[in-house]
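Please look at the sequence and the structure that follow, and keep both in view while reading.

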Amino acid sequence: MENQNYRMEFMVHYHEVNPEEQATPLTLLYFLEDAAIAHSESVGYGLSQVKAEGLAWVLNRWHLQMEQYPRLGEKVIIETWPSSFERFYGRREFLIRNMTQEIIGRATSLWIFYNIATKRPSRISSEFGIVYGLDPLRAIDDSFEPLQGFEAGAEKCEQDFSVRRSDIDTNGHVNNANYLQWMLEVVPEGIYQTNQLASIEIQYKKETTYGSSIRSKCQIVGSDGLQPVCRHVILSDDSVQELAIAKTVWVRR
């Protein structure tokens with residue numbers, strides 16, 4: 001890997017772990033977001049600088065794979081880099097390492113450069129590739145094809161949630177990582193208690209804001225006995241508009 005890849009160290013704190021004292025998937029997504037933001041700040045394209053120009057990055061896709069979750073008190077290193085800028089899309093890659101430099105997780109993401117006033121995508125300047133430095137290596141080789149929706153006839157679990165003030169990010173919308181929290185809340189207890197999340201793919205479709213109600217649905221679509229697979233959808237309060245869809249794969253603890 002090239003030297004411009006950005007690295008940031010994190011400590012796993014008590015409020016970031018599950019009952020097994022492992023960092024939660026939500027914690028890992030927050031770490032990835034923080035590292036991406038810090039990288040942008042370091043090259044002069046941080047949140048405030050981009051927002052001053054009426055622009056923002058909007059996350060469209062996450063794909064996270066974890067082989068091992070860091071534990072309470074452990075440190076992890078997030079390594080991140082952009083692998084491409086095309087028109088108004090940017091791909092950003094991540095490696096998650098423990099303190100002995102072993103890769104314990106990896107992620108790839110797709111972002112849309114967005115004009116806040118027009119609410120339309122905005123073309124990415126060629127300067128971005130120069131300033132950030134591009135490394136075409138992918139952490140996960142994902143072409144980001146559209147995710148599949150629910151299968152007819154399969155069992156569903158669902159629950160309603162209200163969007164809280166604490167769910168809102170700097171763009172005035174629900175923080176992207178919080179959709180994962182709503183999705184995991186409705187995973188059947190038999191899967192959640194005996195397995196851990198090995199892979200999550202999320203596709204974001206429409207933002208939602210404070211005071212809204214959403215419905216989270218989960219459907220078990222397959223299992224080979226060791227890896228249950230679930231599909232997820234987050235719906236608007238009228239249960240018509242899809243806000244996000246996802247696929248999760250689980251492995252025995």
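## Ser84 in strand 3

Ser84 is buried, because its relative accessible area is 12%, where buried means under 20% relative accessible area, exposed means over 50%, and partly exposed lies in between (1.4 Å probe, protein chains only). The place of this serine is in strand 3, which covers residues 75-86; helices (H or I, at least four residues) and strands (E, at least two) are DSSP runs, numbered from the N terminus. Leaving out residues up to four places away in sequence, Ser84 touches Tyr89, Gly90, Arg91 and Leu134, and contact here means heavy atoms within 4.5 Å.

This is a predicted model, in which local features need pLDDT of at least 70 and side-chain atom pairs count only at pLDDT 80 or more, while totals for chains, interfaces and linings use all residues. Residues are numbered from 1 along each chain as its sequence is written, and side-chain values use heavy atoms, with hydrogens and water left out.

## The largest nonpolar core

A nonpolar core is a set of buried Ala, Val, Leu, Ile, Met, Phe, Trp, Tyr and Cys residues joined through side-chain atoms within 4.5 Å. The largest such core holds 56 residues, and those that touch the most other members are Leu32, Trp62, Leu64 and Ile96. Helix 1 (residues 25-42) gives the largest share of this core, namely seven residues.

Which residues does Leu64 touch, not counting residues up to four places away in sequence? Its contacts are Leu28, Leu29, Leu32, Ile96, Arg106, Ala107, Ala198, Ser199 and Ile200.

## Helix 1 against helix 4

Helix 1 packs with helix 4 (residues 176-185) at an angle of about 170°, and their axes are 9 Å apart; axes are lines fitted to C-alpha atoms, for helices over the stretch in contact, and angles run from 0 to 180 degrees between N-to-C directions. The two helices are therefore roughly antiparallel to each other, since angles under 35 degrees count as roughly parallel, over 145 as roughly antiparallel, 65 to 115 as roughly perpendicular and the rest as oblique.

On the side of helix 1, the contact is made by Pro25, Leu26, Leu29, Tyr30 and Glu33, and on the side of helix 4 by Asn176, Ala177, Asn178, Leu180, Gln181 and Leu184. These residues divide into seven nonpolar, three polar and one charged, where Ala, Val, Leu, Ile, Met, Phe, Trp, Tyr, Cys and Pro count as nonpolar, Asp, Glu, Lys and Arg as charged, and the others, Gly among them, as polar.

Gln101 has a positive phi of about 75° although it is not a glycine. It is placed in the loop between strand 4 (89-97) and strand 5 (103-115), and Gln101 is partly exposed, with a relative accessible area of 35%. Lys119, in the loop between strand 5 and strand 6 (120-121), also has a positive phi, near 55°, in a residue other than glycine, and at 58% relative accessibility Lys119 counts as exposed.

Gly211 is found in the loop between strand 8 (195-204) and strand 9 (213-222), and at 57% relative accessibility it counts as exposed. The C-alpha atoms of Gly211 and Ser162 are separated by 6.5 Å, although these residues are 49 apart along the chain.

## Cysteines without a disulfide

A disulfide is a covalent bond between the sulfur atoms of two cysteines. By the rule that the pair of cysteine sulfur atoms must lie within 2.5 Å, the count comes to zero disulfides. For Cys218, the nearest cysteine sulfur is that of Cys230, 4.0 Å away. Cys218 is buried, with a relative accessible area of 1%, and Cys230 is buried, with a relative accessible area of 0%.
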